[in-house]
Amino acid sequence: MIDATDQELLARFAAGDGRAFDDIVTKYERRVFSIALRMCGDREDARDVTQDVFVNAMRALKRFRGDAQLGTWFHRVATNASLDHLRKNRKRVHRPIDEVTEVATSEPGPDDRALGSARAAAVQEALRQLSPDHRAAMVLVDIHGLDYAEAAESLGIPVGTVKSRMHRARLEMAKMLGHLRETEPSGPPTPLREEP
Amino acid sequence: MRNHYEPEILAAFASGDAEPSSRAQIDGHVGYCDDCREIVDAVRATMIDLADLSEEEPTELERAALRRALAQRRHQPGGLTRRMMTAASAAALVAALAIGGSMVGERNSQDGTGGGAEIASDMLMDSPEIVTDARNFDRSNVGSLLAAPPSMRAAPATKGGPDAEYGVGGDDAGAARIAADPQRCQQIITSTAKRPLALRSGYDTHFEGRPAYIFVFVDTAREDRLELWVVDRFDCENTLYFEQSTSK
């Protein structure tokens, strides 16, 4: 069931209230921008994606049926718009992860804020190196705090798929961030399996 | 020789997603298996890193740019076709500019305080207008351009070329060089100015003999300040900047 405030906003929008769309933008721009930024890793790209999302929303919300939460709809549109943007800009060269992790993993010095910022840059860079599908799940769940069901609805995939993407993505990130050695632990060829 | 869990199972365990029937068994295993515990710890450390990567907010400048872009779209469903400035908006602009008025000077930030011009919010959100003006401006009449905008009549339509789709004239339309998109020039200015600027008017004209766009902006954080930017029509990065306080 759609949120009452959103329902009111959409009703005003449908009735031609010019301020209603501004209120929708005000309510959701931060979330849309943040998803776009974490997905694309670049503010300029995030601005473009955010603009695309709301330009499309101007048209699409006229047909919004209210069978999903407006927030969920914006999560989905922001994620898809970011993925489209990434597909169109594949040739862009990114900074190697080693370069940023080197700064981020150095010993804490007097300027903790700068180190925190360097660490955030390293995490962002590692995030950018994930596959887009893994990144989308991780951005929604680990960064924006959606639960698996909400992320599954936003991404249009089953909850089990979200979970397995998250587990793989966290392992990949752990390696990229230096929390985990690249090599698998030594052991026998038949590892233990989880009981069903 | 020691058995190990698959990394994905350990990642699920670290994430709190392991099957309830297996949790105790995995927990017991990682209690003595250093290799498996390393994976669990690494996944947990990664989750902490990600949680620290908080939601990012757009800056005020970015918010203002988004609203301008959306307002443009709202007023221009056709996309690229530019309207000439209407008499009503021109009159509002004259009224806004006529309040106070002291030329501060090129790249000089002696802002006035208090008593700012009243700028209607819907004007700030309105779409930018690029108006052709046949006159040649120079530094000596920047003040008058800010204080009393020139005639809003359009010059004869351009013969073609890249300017054509913006409906602006100019004798360089047929030249080999391609005129910069005025909208892009505005974006460069607003993104580099580090101030929330709202476009009040734009002119396709000449400045000191060179083809130029002239943009008049209002600093939305300080509505008592107007800014005039002259931009080389063929090179958006080449700008000249003036500002004027409208406070008394």
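Student: Over residues 148–176 of chain B, how many contacts beyond four places in sequence does the model have?

Tutor: This is a predicted model, and it has 60 such contacts for residues 148–176 of chain B, a stretch over which pLDDT stays under 50.

Student: What is the average pLDDT of chain B?

Tutor: Chain B averages a pLDDT of 65, and 60% of its residues score at least 70. A further stretch, residues 77–128 of chain B, has pLDDT below 50, with 95 contacts in the model beyond near neighbours in sequence. Where pLDDT is low, the predicted coordinates should not be read in detail.

Student: Which elements of chain B have the lowest and the highest mean pLDDT?

Tutor: The lowest mean, 29, belongs to helix α6 of chain B (residues 121–125). Helix α1 of chain B (residues 7–14) has the highest, at 94.

Student: In what order do the elements of chain B run?

Tutor: There are eight helices and six strands in chain B. Starting at the N terminus, the order is α-α-α-α-α-β-α-β-α-α-β-β-β-β.

Student: What share of chain B is buried?

Tutor: Of the 248 residues in chain B, 38% are buried. As for contacts in chain B between residues at least 6 apart in sequence, 61% join residues at least 24 apart.

Student: Turning to the complex, what ipTM does the predictor give?

Tutor: The predictor gives an ipTM of 0.77, together with a pTM of 0.56.

Student: What span should α9(A) have, and how far apart are its end C-alpha atoms?

Tutor: The 18 residues of α9(A), at 1.5 Å a residue, should span 26 Å, and the end C-alpha atoms are 26 Å apart, so the two values agree.

Student: Which residues of α9(A) are buried?

Tutor: They are A:Val162, A:Arg165, A:Met166, A:His167, A:Ala169, A:Arg170, A:Leu171, A:Glu172, A:Met173, A:Ala174 and A:Met176.

Student: And what is the phi of A:Gly178?

Tutor: The phi of A:Gly178, which follows α9(A), is positive, near 80°.

Technical notes: Residues numbered from 1 in each chain as written. Chains lettered and ligands numbered in written order. Predicted model: local features only at pLDDT ≥ 70, side-chain atom pairs only at ≥ 80, totals over all residues. pLDDT = per-residue confidence, 0-100. Helix = DSSP H or I, 4+ residues; strand = E, 2+ residues; numbered from the N terminus. Contact = placed C-beta atoms within 7 Å. Expected span 1.5 Å × (residues − 1). Buried ≥ 20, exposed ≤ 12 C-beta atoms within 10 Å, placed from the backbone.
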